[in-house]
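Please keep the sequence and the three-dimensional view at hand.

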Amino acid sequence: MPAYLYDLIARRAPSPSKVCLETPEGRKLTFADLAAGSARIAHALAARGVVAGDRVAVQVDKSPDAILLYLACLRAGAVFLPLNTAYTPAEIEYFLGDAEPRVFVCEPQKKDSLLEAARKAGVAHVETMGVREDGSLLDAAGTQTGEFADVERGADDLAAILYTSGTTGRSKGAMLSHGNLASNALTLVDYWRFTEKDALIHALPIYHTHGLFVAMNTLLLAGGSMFFLPKLDPDLMLQLMQRGATAMMGVPTFYTRLLAHPGLTKEATKNMRLFVSGSAPLLAETHREWTARTGHAILERYGMTETNMNTSNPYDGDRVPGAVGFPLPGVSVRITDPETGAPLKQGEIGMIEVKGPNVFKGYWRMPEKTASEFRADGFFITGDLGKIDERGYVFIVGRDKDLVITGGFNVYPIEVETEIDALAGVVESAVIGVPHPDFGEGVTAIVVPKKDGAPDEKQVIAALEARLAKFKLPKRVLFASELPRNAMGKVQKAELRKTHGDLYKK
Ligand code: AMP
């Protein structure tokens with residue numbers, strides 16, 4: 001019986017012996033290995049009682065086995081729930097409690113620190129998976145043999161839940177169906193012209209929509225291959241560009257880091273056919289510098305966890321610096337008045353709304369929140385502000401919420417502020433994003449101290465380290481006697497951003 005997305009991947013595999021994944025250590029996986037390895041893990045999951053619709057939560061470092069686990073979940077009918085590797089046990093406790101997975105897979109060395117969180121959430125099975133083909137889940141899978149009878153799943157059935165950060169309260173689980181993921185990846189295969197001849201430099205994390213779905217689903221459905229790097233590594237990436245890679249997908253930080261490398265030249269990139277950027281705004285300046293250095297125009301696209309990819313600059317034609325391109329085939333994009341939802345005239349700035357087979361099924365166990373983020377005619381309210389120019393290019397001009405995007409990761413200020421405000425000696429705080437040459441934005445905290453017992457900058461950061469993932473930690477903590485507020489009592493973050501705009505200027 002077919003499991004929709006997995007079935008599509010299996011059917012489109014060019015040949016069983018073709019390599020689809022390669023690591024810097026020289027481990028290679030063919031499409032046949034994908035099928036056999038995911039079958040073994042699917043057996044192990046089923047042996048742990050996983051049935052259709054069960055969640056399998058996963059916080060593991062990037063490895064080919066993590067991909068086998070993702071595919072195994074699709075085949076076992078489970079809902080794959082990847083978690084950022086930087087999340088602390090306190091954060092994991094919330095996700096496990098909210099998602100109630102049947103199985104939680106973590107890194108072997110973290111198991112002890114996470115058992116309590118899993119116990120409180122009532123998780124039946126805690127398994128481990130390391131990056132050296134080790135861990136209890138692979139041990140269990142290793143004893144399994146034979147075909148796995150895939151659990152039937154249709155386009156509308158859930159394939160994954162990815163948690164987004166919440167602007168108020170806690171994270172929301174975005175529910176993505178097999179059809180959401182398959183339709184978007186197939187569209188990207190065509191739009192970006194991926195074929196089995198492609199080899200993608202994959203240095204993105206795989207707990208996020210960009211690395212997991214945009215990069216991986218697209219390459220798997222194209223029958224291409226991936227150089228699987230644990231993290232951003234400019235030296236290695238430049239070597240791979242001269243050793244068979246044809247494409248790269250990255251966040252803007254990848255491009256600024258590579259630009260800082262003297263080895264980035266026209267010669268070094270001459271075999272590459274495509275550079276894609278997304279997840280955060282790519283500065284027009286970076287786009288132009290890249291073209292000057294390499295002769296390649298970066299193709300910028302726009303999407304989000306909830307919607308997969310929405311718009312893309314064209315493969316042929318102008319890839320406009322600062323623009324995120326045109327709505328993808330089958331995706332409708334419109335700009336509306338954020339308050340009323342009324343469509344705006346071409347060129348006017350407003351809320352970006354999207355509709356299409358790419359748009360998610362709603363937030364896990366949050367029907368009211370889901371309803372409030374959709375219009376009556378089915379358009380999803382993205383929270384991004386933008387405009388469409390006379391040629392039809394979409395531009396993102398800002399974010400409705402005060403989201404900070406640092407190195408491609410989203411940080412919602414409220415989460416950091418709540419932790420700072422809880423510290424002794426703190427009256428209140430405001431967390432903003434300040435332009436940063438390396439990270440796009442640097443998380444920056446402005447703290448109003450109490451007269452006595454106020455912590456200093458180092459102490460604030462040290463206190464947060466145990467509570468928050470590293471990427472959420474403020475790069476700087478500044479002190480002020482009060483925060484600027486408007487007549488309604490709202491903190492004026494725009495004003496703070498203006499005041500501290502030069503903080504990270506080199
Ligand atoms: P995430 O759900 O983590 O993928 O974050 C999605 C958000 O990232 C979007 O709502 C946008 O605010 C932002 N984003 C993604 N791609 C771009 C882009 N190319 N330019 C500007 N912002 C982007």
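1. One aromatic cluster is formed by Y87, Y94, F95 and Y163. The model is a predicted one, and the count of aromatic pairs in it comes to 16.

2. Consider next the pair F326 and Y393. The ring centres lie 4.3 Å apart and the planes meet at 40 degrees, so this pair is tilted. The pair links distant parts of the chain, 67 residues apart: F326 belongs to strand β15, whereas Y393 lies in the loop between β18 and β19. F326 is partly exposed, with a relative accessible area of 21%, while Y393 is buried at 3%.

3. For F360 and F374, the ring centres are 5.8 Å apart and the planes are at 25 degrees; the pair therefore counts as stacked, since planes under 30 degrees apart are classed in that way. F360 has a relative accessibility of 4% and counts as buried, but F374, at 23%, is partly exposed.

4. Charged ends also sit over rings. That of R334 is 3.7 Å from the centre of the F379 ring, and that of K387 is 5.4 Å from the centre of the F395 ring.

5. Which residues come nearest to the ligand? Of the 17 residues around it, these are H208, E300, R301, T305 and D384. A polar side-chain atom of T305 lies 2.6 Å from a ligand oxygen atom, and one of H208 lies 2.9 Å from a ligand oxygen atom. The protein buries 94% of the 490 Å² that the ligand exposes when taken alone.

6. Strand β13 gives the largest share of the shell around the ligand, five residues. By class, this shell has seven nonpolar, six polar and four charged residues.

Methods: Residues are numbered from 1 along each chain as its sequence is written. This is a predicted model: local features need pLDDT of at least 70, side-chain atom pairs count only at pLDDT 80 or more; totals for chains, interfaces and linings use all residues. Side-chain values use heavy atoms; hydrogens and water are left out. A residue is near a molecule or strand if one of its heavy atoms lies within 4 Å of it. A polar contact is a pair of N or O atoms within 3.5 Å; within protein, one must be able to donate a hydrogen and the other to accept it, and residues adjacent in sequence count only if both atoms are side-chain atoms. Accessible areas come from the Shrake-Rupley method with a 1.4 Å probe; for residues, only the protein chains shown count as cover. Helices (H or I, at least four residues) and strands (E, at least two) are DSSP runs, numbered from the N terminus. Ala, Val, Leu, Ile, Met, Phe, Trp, Tyr, Cys and Pro count as nonpolar, Asp, Glu, Lys and Arg as charged, and the others, Gly among them, as polar. Rings of Phe, Tyr and Trp (its six-membered ring) pair if their centres lie within 6.5 Å; planes under 30 degrees apart count as stacked, over 60 as edge-to-face and the rest as tilted. Buried means under 20% relative accessible area, exposed over 50%, partly exposed in between (1.4 Å probe, protein chains only). A charge sits over a ring if NZ of Lys or CZ of Arg is within 6 Å of the ring centre and within 35 degrees of the ring normal.
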